[in-house]
Amino acid sequence: FGIIAGGTGKEYGYNPVLKGDNDGVVLVANTRLPGANDFLRLNASHSFIMHKQQVIDATLRFLRTGRFAESDDQTSISPADGQ
């Protein structure tokens, strides 16, 4: 399985009440699950991430190849990323 998370890519997110990068509802750090094949963080809010063309394209690519990235570049899935 793969994980797509929304956030700002900075130390703070859309919701200032949440400590850390977040999509307005969920902390990026909390989206990490053991066993994930890939991870993608996009600059997107929780409510609208599924409508982004980049998410749609990455999902279709993941279903075909098992990776979100277009090339052989593997997206990092280390636990420290996105925090």
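This briefing describes the fold, surface, charged pairs and selected contacts of one protein.

The model is predicted: local features need pLDDT of at least 70 and side-chain atom pairs count only at pLDDT 80 or more, while totals for chains, interfaces and linings use all residues. Residues are numbered from 1 along each chain as its sequence is written, and side-chain values use heavy atoms, with hydrogens and water left out. The protein contains 1 helix and 2 strands, taken as DSSP runs numbered from the N terminus (helices are H or I with at least four residues, strands are E with at least two).

**Overall organisation**

- From the N terminus on, the order of the elements is β-β-α.
- Of the 83 residues in the protein, 33% are buried; buried means under 20% relative accessible area, exposed means over 50%, and partly exposed lies in between, with a 1.4 Å probe and protein chains only.
- Among contacts with a separation of 6 or more, 55% are accounted for by residues 24 or more positions apart, a contact being heavy atoms within 4.5 Å.

**Surface**

- The accessible surface of the protein is about 5300 Å², and 55% of this belongs to carbon and sulfur atoms; such areas come from the Shrake-Rupley method with a 1.4 Å probe, and for residues only the protein chains shown count as cover.
- A nonpolar patch on the surface is formed by Ile-56, Leu-60 and Leu-63, which together have about 290 Å² of accessible area.
- Patches consist of residues with over 30% relative accessible area and no salt bridge; like charges are joined within 9 Å, and nonpolar side chains (Val, Leu, Ile, Met, Phe, Trp, Tyr) within 5 Å.
- Leu-63 belongs to helix α1 (residues 53-65) and is exposed, because its relative accessible area is 66%.
- Ile-56 also lies in helix α1, but counts as partly exposed because its relative accessibility is 34%.
- Leaving aside residues up to four places away in sequence, Ile-56 touches Met-50 and His-51.

**Salt bridges**

- The whole structure holds 2 salt bridges, each defined as a side-chain nitrogen of Lys or Arg within 4 Å of a carboxyl oxygen of Asp or Glu.
- Arg-41 is partly exposed, because its relative accessible area is 27%, whereas Asp-21 is buried at 3%.
- In another salt bridge, the side chains of Glu-70 and Arg-61 meet at 4.0 Å, N to O.
- Glu-70 counts as exposed because its relative accessibility is 71%, while Arg-61 is buried with a relative accessible area of 15%.

**Gly-9 and its contacts**

- Gly-9 lies in the loop between β1 and β2 and is partly exposed, because its relative accessible area is 47%.
- When residues up to four places away in sequence are not counted, Gly-9 touches both Asp-21 and Arg-41.
- Gly-9 and Arg-41 are 32 residues apart in sequence, and their C-alpha atoms are 7.6 Å apart in space.

**Phe-1 and its contacts**

- Phe-1 lies in the segment before β1 (2-7) and is partly exposed, because its relative accessible area is 45%.
- Not counting residues up to four places away in sequence, Phe-1 touches Leu-33, Pro-34, Gly-35, Ala-36, Asn-37, Asp-38 and Phe-62.
- Phe-1 and Phe-62 are separated by 61 residues in sequence and by 8.8 Å in space, C-alpha to C-alpha.

**Aromatic rings**

- Arg-32 lies over the face of Phe-39, at 3.4 Å from the ring centre; a charge sits over a ring if NZ of Lys or CZ of Arg is within 6 Å of the ring centre and within 35 degrees of the ring normal.
- The count of aromatic pairs is 1; rings of Phe, Tyr and Trp (its six-membered ring) pair if their centres lie within 6.5 Å, with planes under 30 degrees apart counted as stacked, over 60 as edge-to-face and the rest as tilted.
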